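Please have a look at the structure first, and then read on.

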Amino acid sequence: MKTFTFDDLLQSYFSERWLTERSRISYSVPVKLFRRFAGQDKLPEEVTRDDVREWREFCFSEAGRNLAHSSWNNYCRHNRILFKHAIDHALIDISFNPFAKMEVSSPKKRKKTLSKRQVEMAREAISLYKRIEVHQGKPSMLHPVWFWEAVFETFYHTGIRLTQLLLMKPEDVNLKSRVLTATWQGAKNNREHFVPISNALYPHLENLLNSARAVGIQRGEQLFNVNRFSVRHRMETMDSWQVEGFYQKLSKICGYQMSPHRFRHTLGTELMKEPDRNLHIVKALLGHSNISTTLEYVEVDIGSLRNAIEGRI
């Protein structure tokens, strides 16, 4: 009988599921990390509950870089699904899933957001570097500043995910209808959704589209590609590392942490603080498939809590 390996397990699961490349990676990585800990020669049917328990203890130790609870639960969940597939299809000779009920309670922390003052400070920094680049006539620390300004404003005004921005094409931006398409390939729930282009965002996207046409970017090509507009960047397509590199530099300049996802959290939180807040509108804008995800952005105002307490006296 042929030995059934972890590679066989992944291929068997992938053959029965219609998964995007991003989803396949989300399964492959936890398997790779577990094999690195347990040993490359270990077979799926040899995995015991003690192996999983020891891996969990390692992940939460200093040697395992004190893994976040949510990351462990992600690793555990994907491995559990793979082993369930193997058991259900009698691919391995075990009856109990070693990853079953091995998740841990994940602490619920407040969404990390940016204040209006922090956003304005970042805009002032971008504006300053744009003037420096024009005045000196050479690349600045945030080169090309006009491009990264368009990236910054797109995240701020739309709340789209980083992957959705990287996958965006010129055809996904309709300036006439003032609608931006956030592609399903970059969404966690594989759902496409539409975002209105605000008056403040419009000129940045218009400039980006005009610049894209000038350098020959076609309708089906990557729109947000710094490599096509820069004298310093030389990659074929823009990746997440280049975007994160920009935000690391901007964070260092401003003195506080910024990231694309913080803009998403900021948009959701600010909209849910509005007096006429509408859960379904925020849900649609952020592309959530479940209203419970949107509810995570609701924060009770501390002033309201104080008034409720004082009212008891």
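Burial in this briefing goes by relative accessible area: buried means under 20%, exposed means over 50%, and partly exposed is anything in between, with a 1.4 Å probe and protein chains only. The model is predicted, so local features need pLDDT of at least 70 and side-chain atom pairs count only at pLDDT 80 or more, while totals for chains, interfaces and linings use all residues. Residues are numbered from 1 along each chain as its sequence is written, and side-chain values use heavy atoms, with hydrogens and water left out.

**Aromatic pairs**

- The structure holds 23 aromatic pairs, where rings of Phe, Tyr and Trp (its six-membered ring) pair if their centres lie within 6.5 Å; planes under 30 degrees apart count as stacked, over 60 as edge-to-face and the rest as tilted.
- F147 and F229 make a tilted pair, with 5.6 Å centre to centre and 35 degrees between the planes.
- This pair links distant parts of the chain, as F147 belongs to helix α6 (residues 145–158) and F229 to the loop between α8 (202–214) and α9 (240–254), 82 residues apart.
- Helices (H or I, at least four residues) and strands (E, at least two) are DSSP runs, numbered from the N terminus.
- Are F147 and F229 buried or exposed? Both F147 and F229 are buried.
- Y156 and F263 form an edge-to-face pair, at 6.3 Å centre to centre and with 85 degrees between the planes.
- Here too distant parts of the chain are linked: Y156 sits in helix α6 and F263 in helix α10, 107 residues apart.
- Y156 is buried, with a relative accessible area of 18%, and F263 is buried at 1%.
- One aromatic cluster takes in these rings, its members including W146, F147, Y156, F229 and F263.

**A charge over a ring**

- R123 lies over the face of Y156, at 4.6 Å from the ring centre; such a contact requires NZ of Lys or CZ of Arg within 6 Å of the ring centre and within 35 degrees of the ring normal.

**Salt bridges**

- The whole structure contains 12 salt bridges, each being a side-chain nitrogen of Lys or Arg within 4 Å of a carboxyl oxygen of Asp or Glu.
- K116 and E270 form a salt bridge whose closest N and O atoms are 4.0 Å apart.
- K116 lies in helix α5 (residues 116–136) and E270 in helix α10 (residues 260–273), so the pair ties together parts that are 154 residues apart in sequence.
- K116 is exposed, at 58% relative accessible area, whereas E270 is partly exposed at 23%.
- D50 bridges to R53, with the closest N and O atoms 2.6 Å apart; the two are 3 residues apart in helix α3 (residues 49–59), about one helical turn.
- D50 is partly exposed at 45%, and R53 is partly exposed at 30%.
- K84 pairs with D88 in a salt bridge, 2.7 Å between the closest N and O atoms, and both lie in helix α4 (residues 69–88), 4 residues apart.

**The sheet**

- An open sheet is formed by 3 strands in the order β1-β2-β3, with antiparallel pairing; two strands pair if DSSP finds at least two bridges between them.
- β1 (173–174) and β3 (193–196) are at the edges with a single partner strand each, so one side of each has no neighbour in the sheet.
- Strand β2 (residues 179–182) is joined to β3 by 4 bridges, and T181 stands opposite F194 in β3.
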